[in-house]
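Dear colleague,

Please find the structure below for your records.

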Amino acid sequence: MTAHQLDRRPFLRAAGALIASAALPRLPAYAADTRVATPRQTAGPFYPTRFPDDVDNDLVVVAGRPRPAEGQVVHLAGQVLDRDGRPVRGARVEIWQCDIHGRYHHVDSSWQTQRSDDNFQGYGRTVTDDAGTYRFRTIRPVAYSGRTPHIHVAVAGTGIERLVTQMYLAGEPLNERDPVLSHIRDPRARQAVTVAFEAADTREPGALGARFDIVLG
Ligand SMILES: [Fe+2]
């Protein structure tokens, strides 16, 4: 091998690498990620316009009320994660949903004609722990005026672009024609907001359990 040929080898390697990278098809963005980001959904018209005195993570019990909320109790929990699966600690997680009669609370809505279950908190918030975990005790959501059952969820915090979304019950027939869920076309993104609700009698007789992990994009 001549000195000239030796000198050319680094150049050829570099040129070869350039050609190889140019030949690779560009992958869709999600293919490089390990997790699907939780899709954004509208907050809708029912985010509280005034917060109740009791805003803890147990929506079934309102401080000072004599009875718990009507409805089937759900223990909802999950982790807030980044796209690499790392837990996000200290994130503020909020949920809001209608009561057993389909009525939202803490909003100026004289046009809501449903009865009100004043023993339902309607809104709650909590903060994720070191494992990124959050927990709520609430009721199984019900359908109302054209919407399939759902729970509204928002995540915010230092360094987090606020995420607002909605979560749905797996196997719920109304999901197929829900006007908000139908905006999510990507099956993997739909899957990311569709959650199995399963019996959780060991936690609480008659209750359901649901795990909803939230992946920040
Ligand atoms: Fe809603």
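In the protein, 71% of the contacts with a separation of 6 or more are between residues 24 or more positions apart; two residues are in contact if their C-beta atoms, placed from the backbone, lie within 7 Å. This is a predicted model, in which local features need pLDDT of at least 70 and side-chain atom pairs count only at pLDDT 80 or more, while totals for chains, interfaces and linings use all residues. Residues are numbered from 1 along each chain as its sequence is written.

The protein has two helices and 10 strands, where helices (H or I, at least four residues) and strands (E, at least two) are DSSP runs numbered from the N terminus. Of its 217 residues, 29% are buried, that is, with 20 or more other C-beta atoms within 10 Å of their own, these atoms being placed from the backbone.

Five strands form an open sheet of mixed pairing in the order S3-S2-S5-S6-S7; two strands pair if DSSP finds at least two bridges between them. Strands S3 (123–127) and S7 (194–195) stand at the edges with a single partner strand each, so one side of each lacks a neighbour in the sheet. S5 and S6 pair in the antiparallel sense over seven bridges, and Val153 has Thr165 in S6 as its bridge partner.

Terms used. A residue is buried if 20 or more other C-beta atoms lie within 10 Å of its own, exposed if 12 or fewer, and partly exposed in between; C-beta atoms are placed from the backbone.
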